[in-house]
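Biologist: I have the sequence and the model open. Can we go through a few residues together?

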Amino acid sequence: WYRWEIVSTLAAATWIGYGLIIHARLFFGWEGRRLAWSLALILPLMFAVFWVWSLYPGTYHYFDVPLLKAV
């Protein structure tokens, strides 16, 4: 039994995005600004995967990470 949840969905989108960028680089010759902008667009998705995975308690991937409060 498999259930799509936010962590799995964001991780799949991140892997697909990076895969498309790698293919564009290898097969279509993307370089320079075009490659940099495409990577910059995928980077927030990667951070979202990390933060949702770490802090969202409604997922199977949640680890009880103690939250640190600012003093």
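Biologist: Which helix is Leu43 found in?

Modeller: Leu43 is found in helix α2. Keep in mind that this is a predicted model.

Biologist: Is Leu43 buried, partly exposed or exposed?

Modeller: Leu43 has a relative accessible area of 34%. That is between the 20% and 50% cut-offs, so Leu43 is partly exposed.

Biologist: What kind of surface patch does Leu43 form with Met46, Phe47, Phe50 and Trp51?

Modeller: Those five residues form a nonpolar patch. Together they have about 490 Å² of accessible area.

Biologist: What about Ile42, buried or exposed?

Modeller: Ile42 is buried, because its relative accessibility is 13% and the cut-off is under 20%. Ile42 is also found in helix α2.

Biologist: Leaving out neighbours within four places in sequence, which residues is Ile42 in contact with?

Modeller: Thr14, Gly17, Tyr18 and Ile21. Of these, Thr14, Gly17 and Ile21 are among the buried residues of α1.

Biologist: How far apart are the C-alpha atoms of Ile42 and Ala13?

Modeller: They are separated by 9.1 Å. Along the chain, Ile42 and Ala13 are 29 residues apart.

Biologist: Which other residues in α1 are buried?

Modeller: Val7, Ser8, Leu10, Gly17, Ile21 and Ala24 are buried there, along with Thr14.

Biologist: Why would residues three or four places apart point the same way?

Modeller: Because an α-helix has 3.6 residues a turn.

Biologist: What span should α1 have, and how far apart are its ends?

Modeller: Helix α1 covers residues 6–28, which is 23 residues. At 1.5 Å a residue it should span 33 Å. The end C-alpha atoms are 32 Å apart, so the two values agree.

Biologist: What follows α1?

Modeller: Gly29 does, with a positive phi near 75°.

Biologist: Last one, Ser38. Where is it found, and is it buried or exposed?

Modeller: Ser38 is found in helix α2, which runs over residues 33–55. Ser38 counts as buried because its relative accessibility is 13%.

Biologist: And which residues does Ser38 contact, leaving aside neighbours within four places in sequence?

Modeller: Ile21 and Trp30. Ile21 is in contact with Ile42 as well.

Definitions and conventions:
Residues are numbered from 1 along each chain as its sequence is written. This is a predicted model: local features need pLDDT of at least 70, side-chain atom pairs count only at pLDDT 80 or more; totals for chains, interfaces and linings use all residues. Side-chain values use heavy atoms; hydrogens and water are left out. Helices (H or I, at least four residues) and strands (E, at least two) are DSSP runs, numbered from the N terminus. Buried means under 20% relative accessible area, exposed over 50%, partly exposed in between (1.4 Å probe, protein chains only). Contact means heavy atoms within 4.5 Å. Patches are made of residues with over 30% relative accessible area and no salt bridge: like charges are joined within 9 Å, nonpolar side chains (Val, Leu, Ile, Met, Phe, Trp, Tyr) within 5 Å. Accessible areas come from the Shrake-Rupley method with a 1.4 Å probe; for residues, only the protein chains shown count as cover. A salt bridge is a side-chain nitrogen of Lys or Arg within 4 Å of a carboxyl oxygen of Asp or Glu. The expected span of a helix is 1.5 Å times one less than its number of residues.
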